[in-house]
Amino acid sequence: MAGRLKCYSLHLGILPLTVLVLVFFCFVCLSLRSQEWGHPGAVNRKAYPQPRVLTPTRTDVLVLTPWLAPIIWEGTFDIDTLNEQFRLRNTTIGLTVFAVKKYVVFLKLFLETAEQHFMVGHKVIYYVFTDRPADVPQVPLGAGRRLVVLTVRNYTRWQDVSMHRMEVISHFSEQRFRHEVDYLVCADVDMKFRDHVGVEILSALFGTLHPGFYRSRRESFTYERRPQSQAYIPWDQGDFYYMGAFFGGSVVEVHHLTKACHQAMVEDQANGIEAVWHDESHLNKYLLYHKPTKVLSPEYMWDQQLLGWPSIMKKLRYVAVPKNHQAIRN
């Protein structure tokens with residue numbers, strides 16, 4: 001009986017110690033898992049200047065649309081704070097680019113400069129659509145970044161290459177991209193990244209202000225003005241003129257946009273009409289009635305050779321590469 005009591009007492013003494021060990025073990029496991037999952041407790045929080053309600057960072061430009069979408073200029077965002085937020089979500093960004101026919105010559109510079117400036121520190125998948133997969137250059141990629149080559153057909157006219165981009169992006173958004181990335185950025189290949197282009201651009205749906213029209217009134221915009229076209233926009237309508245060379249958003253929203261534009265172009269073709277600026281005309285029609293949740297300033301789409309460098313542009317981020325359009329397109 002005494003032996004049994006002694007054994008019982010020993011068990012009672014071991015029990016709290018066992019519970020303590022289990023609690024400590026669970027705490028360690030959860031801490032490690034929170035770091036793996038990107039739990040807020042695992043983040044090194046940096047100090048940054050307090051936002052001042054009565055001291056706007058930019059007073060020389062419009063920074064908010066009438067539908068409350070931010071317009072992204074240098075000085076309107078803190079990139080460290082944004083990087084932290086998107087890393088917590090373990091975000092992966094897809095960048096689509098079409099290098100068809102002679103345009104494949106621009107791909108090396110495009111990829112090299114993207115590695116220097118595009119979404120640095122985040123996971124990126126480059127989706128290169130081309131009819132010349134053997135000519136895709138080998139460019140060293142950083143950790144968490146990879147390149148996927150997808151073969152597409154070419155067309156005799158450059159306009160058809162441009163317009164079929166909407167069809168291709170729509171198809172792959174539904175069949176592949178939605179399983180692999182969180183956001184899509186759709187860019188032209190005959191450009192280069194000149195400065196930082198990061199997660200500040202990401203939103204459900206974004207468009208980029210055309211550098212030739214950001215100062216203009218809507219009457220000057222080169223919208224499609226013929227009512228017979230699905231891209232038609234009346235003279236008394238329009239917010240901004242968006243560039244077809246840089247747009248994006250969540251995979252779902254990009255799918256909606258590209259599918260709608262493709263269907264509108266198919267309908268135009270059946271009616272024997274082609275919008276004045278092809279897929280860009282249809283993009284502008286879509287963004288007029290499906291307002292973007294972010295608008296990128298012309299910092300994100302510029303041609304220094306044509307437009308110089310006005311003081312309002314604190315940075316030139318994504319810029320045109322000098323070229324002979326006629327020679328490349330033909």
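## First stop: Glu280

Select Glu280 in this predicted model and display its surroundings: leaving aside residues up to four places away in sequence, Glu280 touches His210, Tyr241, Tyr242, Met243 and Gly244. Glu280 sits in helix α6, which covers residues 278-289, and its relative accessible area of 13% falls under 20%, so Glu280 counts as buried. An unreviewed UniProt entry lists Glu280 under "active site", an annotation that may be inferred rather than shown by experiment.

## Second stop: Ala264

Now move the selection to Ala264, which you will find in helix α5, residues 251-270. Ala264 is buried as well, with a relative accessible area of 13%, and, when residues up to four places away in sequence are not counted, Ala264 touches Gln230 and His282.

Finally, select His122, which lies in the loop that runs between helix α3 (107-117) and strand β3 (123-130). Is His122 buried or exposed? Its relative accessible area is 5%, and because the limit for buried is under 20%, His122 is classed as buried. Show the side chains of His122 and Asn83 together, and a polar contact of 2.8 Å can be traced between them. Beyond Asn83, and again without residues up to four places away in sequence, the residues that His122 touches include Phe86, Arg87, Ile93, Gly144, Arg145 and Val199.

Key:
Residues numbered from 1 in each chain as written. Predicted model: local features only at pLDDT ≥ 70, side-chain atom pairs only at ≥ 80, totals over all residues. Heavy atoms only, no water. Helix = DSSP H or I, 4+ residues; strand = E, 2+ residues; numbered from the N terminus. Buried < 20%, exposed > 50% of the residue type's maximum accessible area, 1.4 Å probe, protein only. Polar contact = N/O pair within 3.5 Å; in protein donor to acceptor, adjacent residues only side chain to side chain. Contact = heavy atoms within 4.5 Å.
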